[in-house]
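The model comes first, then the entries in the order in which I made them.

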Amino acid sequence: MTVNRRNFVQKSAALAAAVLASPRLALAADSIKIGYVSPQTGPLAPFGEADKWVIDQMRGAFKDGLAIGGRKYDIQIVLRDSQSSPNRAGEVANDLVLKEKVVLMLTAGTPETANPVSDVCELNEVPCISSVVPWQPWFFGRKGDPAKGFDYTYHVFWGLEDVIANFTNGWKSVSTNKKVGGLFPNDGDGNAWGDKELGFPKPLQAMGYTLTDPGRFQNGTQDFSAQIALFKRDNVEIVTGVVIPPDAKTFLTQARQQGFRPKVITLGKALLFPSAIEALGDLGHGLTTEVWWSPSHPFTSSLTKQSAKALAESYESSTKRQWTQPIGFAHALFELAADALKRSKGVGPREVREAVAASNLDTVVGPVKWGGPGPFRNVSKTPLVLGQWNKGTKHKVELVIVNDEAAVNIPTGGKLALLP
């Protein structure tokens, strides 16, 4: 078959004109996708409660696109729900990588979401930034080798050494018998926090605390009588651990019913969210937890120029809901994404990965730099303080920072008080 050169040139010109005239066709050629995976449903849903609001804010921030490697790109953000399931997290991550062809993945909300998403990205050589998991469950939970690290996955958050320091700093400020009961479930966080070498047992012993650890239990446990009996037998005055919100409510309710009243209850994960504390009623007052982000944090967004306080106020005014800690880190993930993409030489995976690895950015959660203050090249640590839930004035319950010895640039609003 012979091709008529004049017809070929005419048709090619017509096609080019059609592409220029059609915004959808032109956009498709200059559009990239950022994937975001978090628990929108299931028992870990409070970790993803603010994500849709943050993503709406980011769509506004990216409305004019980004210049990457000398070329302008429209930015599409694709949110997927892990359903609080590691298997589902891996499935939706695969979908984002293989079908949606995301150039950068963001993920947050406990090891059950962030770890499988990070693993998918590492395997498929897609750059990924993760958060809201202490770095040990993220790094060692994925069988990371300290000598090698990872090639495509980068993490920003605090570590178990930071939460242990904050919890014990608070406990030292009040009078107790230094007998601690531990609640460590059989999941990524529980296994790391309860690990005899990496977790709580060794440092607590070194500081003169006696730990009663009843062993691992399944998330969703309906009966904590065995744990409560052991705590009562050992005269435990401090309860700590890392549990999901429904399990905290079950334990606290049964402890009260069975006459177990410790002086201090400091739990990770379960006590982070105002909705969970409100659901506890009077049982929620005086409980303590780690604080990774709050309106009091003295940091500003590199993307929107909002202070932490302004960001929290914006969330409250537009959603009519109380601020929650994950807002800051969801926002910061997009700060890091925008900064890396703007510095990248192109949108290829290696180019984006190199830009992510070279990040050195002041964000709304604090400074982030990989290969800097973190323990490994893939981990950048953020500051941590201790907070206590009290009856509020503006809201039903309010989280007050009561110890900042580990991050003195974050102001306190009161002192730790014993439980009534």
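**Entries on salt bridges and a helix pair**

I began with K33, which counts as partly exposed because its relative accessibility is 22%; buried means under 20% relative accessible area, exposed over 50%, and partly exposed in between, with a 1.4 Å probe and protein chains only. I note that this is a predicted model, in which local features need pLDDT of at least 70, side-chain atom pairs count only at pLDDT 80 or more, and totals for chains, interfaces and linings use all residues. Residues are numbered from 1 along each chain as its sequence is written, and side-chain values use heavy atoms, with hydrogens and water left out.

**Salt bridges**

I looked up the partner of K33 and found a salt bridge with E100, the closest N and O atoms being 2.5 Å apart. A salt bridge here is a side-chain nitrogen of Lys or Arg within 4 Å of a carboxyl oxygen of Asp or Glu. K33 lies in strand 1 (residues 31-38) and E100 in the loop between helix 4 and strand 4 (104-108), so this pair ties together parts 67 residues apart in sequence. Helices (H or I, at least four residues) and strands (E, at least two) are DSSP runs, numbered from the N terminus.

I then turned to R80, whose salt bridge with D95 has its closest N and O atoms 3.8 Å apart. R80 is in strand 3 (residues 71-81) and D95 in helix 4, so the pair links parts 15 residues apart in sequence. I recorded R80 as partly exposed at 25% relative accessibility, and D95 as partly exposed at 22%.

In helix 14 (residues 326-343) I located R343 and D339, four residues apart, about one turn of the helix. I noted D339 as buried, with a relative accessible area of 17%. Salt bridges that share partners join K33, R80, D95, K99 and E100 into one network.

**Helix 4 and helix 5**

I checked the packing of helix 4 (residues 86-98) on helix 5 (residues 111-124): the angle is about 35° and the axes are 8 Å apart. Axes are lines fitted to C-alpha atoms, for helices over the stretch in contact, and angles run from 0 to 180 degrees between N-to-C directions.

Last, I examined T113, which is found in helix 5. T113 counts as buried because its relative accessibility is 0%. Leaving out residues up to four places away in sequence, I list its contacts (heavy atoms within 4.5 Å) as V37, S38, P39, S82, A89, T107 and A108.
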